[in-house]
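Q: I would like a close look at one contact between chains, followed by the wider setting in which it is found. Please take it step by step and state the cut-offs behind each term.
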Amino acid sequence: MTTIDLNMVGAKGALVEAAEGKWGMVIDQDLCTGCQACVTACAMENNIAFVGEEDAGYGRSMHWIRIERFWEGHYPHVKMTHYQPMLCQQCGKAPCEPVCPAFATVHSQSEQVNVQVYNRCVGTRYCGNNCPYQVRSFNWFDYNDERINKAIATLKHQFNPDVTVRRRGIMEKCSFCIQRIHKAQDKAKSEGREVADGEFTTACAQACPADAIVFGRVDNPESLVSQLMAEGHGVQHLSELGTLPRVTYLVGGQ
Amino acid sequence: MIQKVFKWLMSPLGRVALVIAALAIVSVAMWGIAYVQSPPAQPIDFPHQRHAANQVQCLYCHPGANRGASSGLPTPSKCWGCHQQLSITQTSKLLGPLRDAIANGTPLQWVPVAQVPDFVQYNHRPHLAAGLSCENCHGDVASLLHAYENPQVMNMGWCLACHREKSAGNPELEKKLLDCATCHY
Amino acid sequence: MTQKISRRDFLKLAGVGAATTAVLTGCGPAAKFVTRQPYLKMPEYTYNGESTYYATTCRECAAACGLVVRTMQGRAIKVEGNKANPVNLGKTCARGQTTLQGLYNPDRVTAPTKQGRAKDLSGSAMNWDDAVATVSDILKKYKASEIAFLMGTAPDHLFDLATDLTGAMGASAPVRYGALSMFEGRATLAQAAQEMFGQPALPFFDLASADVVVSFGANFLETWVSPVAYTRGYSKLRKGHDRRRGLFFQFEARMSQTGSVADEWIALRPGTEGLVALALGKLVAEARGGSMPKAFASVNVNEAAEKAGVELEALHVIAEEFAKANAPLAIVGGPALAHSNGVETTKAVYALNAAFSSSFFLSPLAPGEDVYHRPASAQEMSEFVKKLESGAVKALFIHGVNPAFELPKSLGFEAALKNVETVISFATFPDETALLSDYIFPDHHALESFGYQRAYTGANASVLSGLQPAVTPFVDTKATADVLLAAAAQAGFPFPYADEFAFIQGKLQQFVPIAGGSFAAPEINAFTAFFQQFGGWWKQADLVAPTASNGAVNAPEAEFEEGEFFLIPFVSPTLGEAGANKPWLQETADPTTTVMWNTWVEINPETAHELGVENDDVVKIVSAAGEVEASVYLYPAIRPDVIAIPFGQGHTAYGQFAAGRGVNPADLFGAKFNAAGDLAYAGVKVRVEKTGKKQYLSRLESKIGVYGEGLGEEH
């Protein structure tokens with residue numbers, strides 16, 4: 001048992017977490033059909049802005065989760081690789097964290113996820129530059145401001161009050177639906193119990209019609225996530241960089 | 001060029017211009033400060049003091065506080081529950097908007113004054129569960145005529161000072177209470 | 001006092017200035033205080049700062065997936081799947097998720113409008129009393145035979161109401177249509193079932209119980225019939241039984257999103273699906289031994305493979321897997337049905353299932369249904385349009401469908417509408433048809449509505465999914481059912497229901513005494529309360545594999561128009577038929593191409609090279625019926641003699657996010673039908689012309705391109 005030194009924060013804090021995380025996700029690529037339900041569910045849950053055709057063409061779209069796919073071979077023996085939902089891997093040792101001059105992207109010691117503190121962010125975009133997974137998106141404009149995007153005047157009624165509406169000039173990314181984590185923990189605490197496995201889940205996992213995404217505690221060997229991870233055919237993307245990703249991909253099938 | 005400007009600024013006319021400019025800047029700043037410090041207009045000039053003095057519990061009107069994030073604002077029907085029993089309700093000029101609201105079925109548009117910015121996800125419930133009372137943050141409401149007179153400035157330093165104090169010596173609690181992700185997401 | 005301003009003083013002054021600017025422009029909220037508008041009276045079960053959840057039904061398509069809507073202080077925040085509903089079991093698709101952007105869409109019709117066929121948004125607002133009087137006047141003014149109702153595939157309660165109303169009036173029954181039901185080929189599926197099994201039912205392909213699935217063009221993971229239910233089934237197939245992963249093969253000319261997850265995707269010549277199915281049946285029967293079913297006896301496998309352009313070896317491999325499977329299953333759908341030989345193709349695949357599959361069923365009927373009532377086929381719609389054109393219809397009511405966009409232009413709906421004296425649209429959005437109407441009397445959005453929807457397939461249960469309002473109406477809309485009931489009462493038709501809710505209760509009455517349902521209640525009010533609480537009522541159905549007449553099945557050649565390329569139009573997996581007005585659906589990348597916000601033309605890279613076009617070059621696609629222009633996307637998984645265009649964009653109205661964006665491939669369709677009356681749109685052939693223009697597509701994937709051609713050298 002390693003002892004935790006609370007003075008080790010930020011970049012060094014990652015070492016603390018090396019052994020185990022807290023929240024984790026397993027994505028079974030063999031089940032993913034690329035249907036994009038997770039993408040829109042995430043957008044609706046987390047007040048993610050849409051940027052319009054032109055900005056989307058510049059690569060400014062704000063997806064926190066995207067579905068990647070690659071091609072192999074040429075017609076007629078062409079094959080698409082498994083769809084690969086890509087989101088923030090909530091690295092235990094995140095490359096984005098040490099480069100932030102404003103300490104706006106830091107490691108949460110209590111939830112062991114990588115958090116983006118919007119009010120600290122000054123928009124240097126160093127973190128996005130240093131993220132090997134390219135999952136951070138930057139607010140180039142006030143897309144969610146009704147004075148700039150008139151449609152927001154009515155669309156804002158849908159905004160989730162549990163999630164900050166981001167403004168221009170800051171970075172954002174998947175938070176593992178931390179608002180749901182807090183809500184579930186708060187509810188459990190008020191009832192004097194622990195959060196049960198499967199009691200709540202992230203918006204993407206909740207929507208996924210193929211049950212390809214599973215979310216839960218990786219430090220609890222009884223949880224579904226831990227059991228799936230223990231099956232042994234999971235991979236963690238770019239783990240050779242030492243990032244300690246908390247998302248495990250199962251690549252079954254062929 | 002700059003030399004020339006400075007030279008002009010040192011001439012009598014320039015000095016007058018400087019003074020005017022300085023005055024303009026200062027007055028705009030003062031106006032700005034006054035603007036953000038002044039209380040907003042409310043539909044009813046609500047006296048918290050009088051209600052608290054009559055032993056109305058905070059949670060009677062703001063029951064959300066020990067259930068979840070928001071303490072909530074009372075609906076006119078809640079006000080009416082008590083006020084319809086008071087004869088003064090029918091005659092008081094102050095209560096005119098309440099009578100109108102009940103008669104016309106239009107809500108009272110309150111303006112909350114105890115606010116945190118949008119990027120702070122504050123939750124009342126754990127604070128009450130931790131044994132804090134409303135007065136710890138909202139001031140001595142029983143002696144304040146209006147809620148906005150609360151002298152406490154709600155900023156992050158103040159939040160953290162209390163969080164540090166409460167979690168001192170408890171590493172688990174410290175981890176939770178001093179974590180960015182506890183309030184910012 | 002020095003005569004100079006020191007640098008220090010200057011900085012101080014600048015500091016004051018900066019502070020002032022900061023205060024004024026707001027390093028923080030622009031307005032310090034925000035006005036809150038609490039309820040006048042807190043609704044029951046609602047607490048400050050806590051969410052209230054309402055079970056209802058998704059109306060983005062007609063599949064009847066159950067939703068649970070999270071609301072907060074009277075606003076709908078998020079939709080989640082209803083775990084109790086047997087169709088989706090708590091899951092949703094991308095379109096279901098964004099239904100909220102329909103509810104709070106800035107372009108909704110905000111009040112009853114005297115549109116006067118203005119073609120733009122210049123109609124003048126009316127009040128609802130006048131609107132009801134207008135409808136009532138029409139009911140009185142015209143003979144029953146001169147009134148027609150055209151309705152969408154959802155919601156069912158309104159269709160039932162219109163059916164009862166027209167019945168009471170003596171008018172002809174309402175006609176139902178939706179572009180999705182055309183692309184799904186529902187008439188073809190039902191016709192083939194009628195011919196083989198003696199019932200005009202929709203099929204239910206139970207993927208969850210199968211272990212080898214062969215699909216002939218069915219896009220069942222995208223928009224086809226009940227995509228969430230089929231995706232759930234697909235997931236079970238892959239998870240497997242006894243941990244043996246199920247296999248999935250897809251035959252189609254253009255790799256669809258469904259085909260892209262197949263273990264083997266096999267390109268075949270469009271229109272040869274039935275032939276390949278029969279050949280596969282012969283190989284499987286041979287491999288399994290026993291008697292050869294009549295259906296496959298006469299087919300020549302080598303010839304079939306050659307005609308279809310399929311490698312014989314691939315056919316043998318699949319037949320082998322199919323033969324040794326415990327629970328093989330063959331699916332047919334998508335463009336395979338939309339050929340002149342669509343019914344025969346479907347029968348060939350049904351014959352495969354009848355011979356070998358234990359996972360193929362006819363869908364259980366929805367509660368209260370005696371037979372599957374399918375929406376109108378394109379041919380029936382064509383007859384309906386002719387009726388409009390003849391002037392026999394004087395008043396037309398349109399709800400839940402946008403025929404000016406969803407019907408192919410070749411059927412001439414827009415021109416026929418000119419011969420109808422009064423057109424009343426109940427559209428929630430100012431779509432193309434609404435703008436061509438005399439009046440728009442907007443219905444509530446689905447999340448503001450009462451109602452019910454029948455599930456026609458997707459579950460081994462008989463499902464009636466319930467709708468209830470999650471929020472109060474956001475703009476000045478009125479339930480169409482209430483408008484019709486009030487107008488019918490004013491016009492003096494004896495119709496026993498006071499309002500929409502009473503009508504729904506009246507229809508639910510018949511289920512109260514039925515035992516074995518998902519809940520039981522002693523009387524109707526309790527029943528309705530449970531119906532809303534659980535989001536519907538359903539009853540387990542015993543699925544029985546249908547017995548087929550062991551007849552011969554033919555696979556005639558499909559007929560094609562003259563032209564250079566086969567055209568495969570497909571419903572956009574993200575937009576569906578009516579998703580173009582939701583900005584987040586527009587910004588959701590197409591799964592296979594990752595294109596957002598526009599229409600593209602998929603061309604095989606080899607073909608494109610021969611044509612001399614590259615990515616993002618605008619080409620003109622010309623068919624006998626029309627032409628469209630769109631940007632090229634070099635798609636690696638499409639036959640070189642095929643081009644594909646997604647359906648869903650190309651609106652001229654329908655709000656700021658949809659209008660003027662992309663093109664509608666239905667403009668290319670002719671008016672040829674298959675034996676079941678479904679449009680044979682897959683028989684269209686087209687010519688590709690260069691325009692010399694370039695229009696860059698916004699893609700989520702890298703600009704480098706599929707094979708890295710943007711890098712400037714061979715990958």
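Which residue of chain B forms a salt bridge with A:E111, and how far apart are the closest N and O atoms?

A: The partner of A:E111 is B:K176, and the closest N and O atoms of this salt bridge are 3.3 Å apart; a salt bridge here is a side-chain nitrogen of Lys or Arg within 4 Å of a carboxyl oxygen of Asp or Glu. The model is predicted, so local features need pLDDT of at least 70 and side-chain atom pairs count only at pLDDT 80 or more, whereas totals for chains, interfaces and linings use all residues. Side-chain values use heavy atoms, with hydrogens and water left out, while residues are numbered from 1 along each chain as its sequence is written, and chains are lettered from A and ligands numbered from 1 in the order in which they are written.

Across the interface of chain A and chain B, the rule finds two salt bridges, and the bridge between A:E111 and B:K176 is one such pair. The count of residue pairs in polar contact between chain A and chain B, both residues being at pLDDT 80 or more, is 12; a polar contact is a pair of N or O atoms within 3.5 Å, where within protein one must be able to donate a hydrogen and the other to accept it, and residues adjacent in sequence count only if both atoms are side-chain atoms. On the side of chain A that touches chain B, strand 6 (105-107), strand 7 (114-116) and helix 6 (178-190) of chain A each supply at least two residues, helices (H or I, at least four residues) and strands (E, at least two) being DSSP runs numbered from the N terminus. Helix 6 of chain A gives the most to this side, with seven residues. By class, the side of chain A that touches chain B holds 10 nonpolar, 11 polar and five charged residues, where Ala, Val, Leu, Ile, Met, Phe, Trp, Tyr, Cys and Pro count as nonpolar, Asp, Glu, Lys and Arg as charged, and the others, Gly among them, as polar.

In extent, the contact takes 26 residues from chain A and 16 residues from chain B, contact meaning heavy atoms within 4.5 Å. The area buried between chain A and chain B is about 1700 Å², of which carbon and sulfur atoms give 55%; buried area is the accessible area (1.4 Å probe) that two parts lose on being put together, summed over both. A:N119, A:T164 and A:D186 supply 27% of the area that chain A buries against chain B, more than any other three residues.

As for confidence, chain B averages a pLDDT of 87, and 100% of the residues score at least 70, pLDDT being the predictor's confidence in each residue, from 0 to 100.

Chain C and chain A bury about 5400 Å² between them, 56% of it on carbon and sulfur atoms, and C:K91, C:W584 and C:E587 supply 12% of the area that chain C buries against chain A, more than any other three residues. The rule finds six salt bridges across the interface of chain C and chain A, and the side chains of A:R180 and C:E80 meet in a salt bridge at 3.5 Å, N to O. It also finds 31 residue pairs in polar contact across the interface of chain C and chain A, both residues being at pLDDT 80 or more.
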